[in-house]
Amino acid sequence: MIPYQVGLEFHRNRLTVLGEQNSSLSTIKNSIRDSISSIEKKCKDLDLDKRHSEIKTSTFIERFRELSDSVINELDEIKAKKTN
């Protein structure tokens, strides 16, 4: 048994806490996407493909994208679990 006031405060704050958690997950996902865009832009600005014969920026960028997609999918799964 829990006191009525404890249950009331829990339910009042529950949606606020869930909203803050969802906001945090969205912020992290946006940061990841921004980071990938920044890496792509930096590679393009440095023109590494032409300056270094052994560096293939497309390969690096693809690996970063795969990793970021994996992390974003995990974050989406976490969010789905929280809402159910």
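**View 1. Charged side chains over the whole chain.** The chain carries 15 positive and 14 negative side chains, and the centres of these two sets lie 3 Å apart. In this count Lys and Arg are positive and Asp and Glu negative, with His and the chain ends not counted, and each charge is placed at NZ of Lys, CZ of Arg, CG of Asp or CD of Glu. The views show a predicted model, in which local features need pLDDT of at least 70 and side-chain atom pairs count only at pLDDT 80 or more, while totals for chains, interfaces and linings use all residues. Residues are numbered from 1 along each chain as its sequence is written, and side-chain values use heavy atoms, with hydrogens and water left out.

**View 2. The helices and the overall form of the chain.** The chain contains 3 helices and 0 strands, which follow one another from the N terminus as α-α-α; helices (H or I, at least four residues) and strands (E, at least two) are DSSP runs, numbered from the N terminus. The chain is more spread out than a compact globule, because its radius of gyration is 21 Å, well over the 12 Å that the globule rule gives for 84 residues. This radius is taken over C-alpha atoms, and the rule is 2.2 Å times the number of residues to the power 0.38. Along the principal axes, the C-alpha atoms fill a box of roughly 70 × 20 × 15 Å.

**View 3. The surface of the chain.** The accessible surface comes to about 7100 Å², of which 54% belongs to carbon and sulfur atoms; areas come from the Shrake-Rupley method with a 1.4 Å probe, and for residues only the protein chains shown count as cover. Of the 84 residues, 14% count as buried, where buried means under 20% relative accessible area, exposed over 50%, and partly exposed in between (1.4 Å probe, protein chains only).

**View 4. The salt bridge between Asp76 and Lys29.** The chain has 4 salt bridges, each defined as a side-chain nitrogen of Lys or Arg within 4 Å of a carboxyl oxygen of Asp or Glu. In one of them Asp76 pairs with Lys29, the closest N and O atoms being 2.6 Å apart. This pair links distant parts of the chain, since Asp76 lies in helix α3 (residues 57–83) and Lys29 in helix α1 (residues 4–46), 47 residues apart. Asp76 is partly exposed, with a relative accessible area of 32%, whereas Lys29 is buried at 14%. Not counting residues up to four places away in sequence, Lys29 touches Ile72, Leu75 and Asp76, contact being heavy atoms within 4.5 Å.

**View 5. A salt-bridge network of Glu40, Glu62 and Arg65.** These three residues are linked in a network of salt bridges. The side chains of Arg65 and Glu40 meet at 2.3 Å, N to O, and this pair also joins distant parts of the chain, with Arg65 in helix α3 and Glu40 in helix α1, 25 residues apart. Arg65 forms a salt bridge with Glu62 as well, at 4.0 Å, N to O; Glu62 and Arg65 both lie in helix α3, 3 residues apart, about one turn of the helix.
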